[in-house]
Amino acid sequence: MWIYEKKLQYPVRVSTCNPKLAKYLIEQYGGADGELAAALRYLNQRYSIPDKVIGLLTDIGTEELAHLEMIATMVYKLTKDATPEQLKEAGIAPHYVDHDRALFYHNAAGVPFTATYIQAKGDPIADLYEDIAAEEKARATYQWIINMSDDPDLNDGLRFLREREIIHSQRFREAVEILKEERDRKKFF
Amino acid sequence: MFTTRKQYMPYVSPFDPCPPIHVKTYVTAPNLYAGFQPPNLPQFSLHEALKKGTLWKIFYDPYYGPYEVNNKGDGL
């Protein structure tokens, strides 16, 4: 069960009407390494992983939903008042004819979200290593979006999200150490 | 000096079609070096931590794009 707080995890500010940035940002919404994939991956893995790290997956999976909400807000703000002409210039006319300005779970190239983006191997180490890789890929994706963006307010929010990826990766690495059960033992293999 | 921004120089061919980028960069974020987080590390104030995205100073590693004023040059 969840309790919802009706506010964003970090304020989302957008200074320019630039629907092209929405086209890039949607990668983090419905892309393979996006926030939706992350949330679904972690929340799903919780059932078949040692008890010690279930709480971590719940916490991070929940936070990914908060990030999803931030990305949605960014995309919405960037497109809500854009004219069809502007959307065409931004290269999202195909999205407009199908969805108007509605958000949809697809990546920056328009490929719809698929469950094959996430894995559940049932092996705790394999699953956690996938989670670590997913966090590093999401961190890199934020870097590439920041590189494409000239909107300092938007970048401020993206920087926050990127920092969270670093922390999540750190916590998943620690989860692996917990499962290895060799912490603080002065032993060499 | 330690940095989380690394560089390498890829091979440049005289027949490359685009003007070469001589130095390529990549990021090695601080979490790669930390191992299991030790106790009693320095913290940001709570207000600062909410803004920066982490409570822990060692994990704070902001990334700036090429169009940003406080960017110190090509993502470094």
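This is a predicted model: local features need pLDDT of at least 70, side-chain atom pairs count only at pLDDT 80 or more; totals for chains, interfaces and linings use all residues.
Colleague: How do you know that chain A and chain B touch?

Modeller: Contact takes heavy atoms within 4.5 Å. By that test, 28 residues from chain A and 25 residues from chain B take part. The area buried between the two chains is about 2,100 Å². Carbon and sulfur atoms give 52% of that area.

Colleague: Which residues in chain A lose the most area to chain B?

Modeller: They are R159(A), E163(A) and Q170(A). Together they make up 25% of what the chain A side buries.

Colleague: What makes D156(A) and K51(B) a salt bridge?

Modeller: The cut-off is a Lys or Arg side-chain nitrogen within 4 Å of an Asp or Glu carboxyl oxygen. Here the N to O value is 3.9 Å. That is within 4 Å, so the pair of D156(A) and K51(B) counts. Between chain A and chain B the count is three salt bridges. There are also 13 residue pairs in polar contact, both residues at pLDDT 80 or more.

Colleague: Which elements of chain A give two or more residues to that side?

Modeller: Helices α7 (124-148) and α8 (152-180) of chain A do. The largest share, 17 residues, comes from α8(A). By class, the side of chain A that touches chain B has nine nonpolar, six polar and 13 charged residues.

Colleague: Why is helix α3 of chain A called mostly covered?

Modeller: Buried means under 20% relative accessible area. In α3(A), residues 35-45, nine of the 11 residues are buried. Among them are L36(A), A38(A), Y42(A) and L43(A). The list also includes E35(A), R41(A) and Q45(A).

Colleague: What do the buried residues of α3(A) pack against?

Modeller: They pack against α2 (27-30), α4 (54-79), α7 and α8 of chain A.

Colleague: Why is D59(A) called exposed?

Modeller: Exposed means over 50% relative accessible area. D59(A) has 55%, so the residue is exposed. D59(A) lies in helix α4 of chain A. The unreviewed UniProt entry annotates D59(A) as "binding site".

Colleague: How do you know that R173(A) and E136(A) form a salt bridge?

Modeller: Their closest N and O atoms are 2.8 Å apart. The limit is 4 Å, so the pair qualifies. R173(A) lies in helix α8 of chain A and E136(A) in helix α7 of chain A, so the pair ties together parts 37 residues apart in sequence.

Colleague: Are these two residues buried, partly exposed or exposed, and what makes them so?

Modeller: R173(A) has a relative accessible area of 25%. That falls between 20% and 50%, so R173(A) is partly exposed. E136(A) has 14%, which is under 20%, so E136(A) is buried. Salt bridges that share partners also join E136(A), R139(A) and R173(A) into one network.

Colleague: What makes D61(B) and R5(B) a salt bridge?

Modeller: Their closest N and O atoms are 3.0 Å apart, within the 4 Å limit, so the pair counts. D61(B) lies in the segment after α2 (46-52) of chain B and R5(B) in strand β1 (residues 5-8) of chain B, so the pair ties together parts 56 residues apart in sequence. D61(B) and R5(B) are both buried.

Colleague: Where does K7(A) find a salt-bridge partner?

Modeller: K7(A) pairs with E5(A), at 3.0 Å between the closest N and O atoms. K7(A) and E5(A) are both exposed.

Colleague: How many salt bridges does the whole structure have?

Modeller: A search over all chains finds 16.

Technical notes. Residues are numbered from 1 along each chain as its sequence is written. Chains are lettered from A and ligands numbered from 1 in the order in which they are written. Side-chain values use heavy atoms; hydrogens and water are left out. Buried area is the accessible area (1.4 Å probe) that two parts lose on being put together, summed over both. A polar contact is a pair of N or O atoms within 3.5 Å; within protein, one must be able to donate a hydrogen and the other to accept it, and residues adjacent in sequence count only if both atoms are side-chain atoms. Helices (H or I, at least four residues) and strands (E, at least two) are DSSP runs, numbered from the N terminus. Ala, Val, Leu, Ile, Met, Phe, Trp, Tyr, Cys and Pro count as nonpolar, Asp, Glu, Lys and Arg as charged, and the others, Gly among them, as polar. Buried means under 20% relative accessible area, exposed over 50%, partly exposed in between (1.4 Å probe, protein chains only). UniProt positions are given in the numbering used here, feature names are shortened, and annotations may be inferred rather than shown by experiment.
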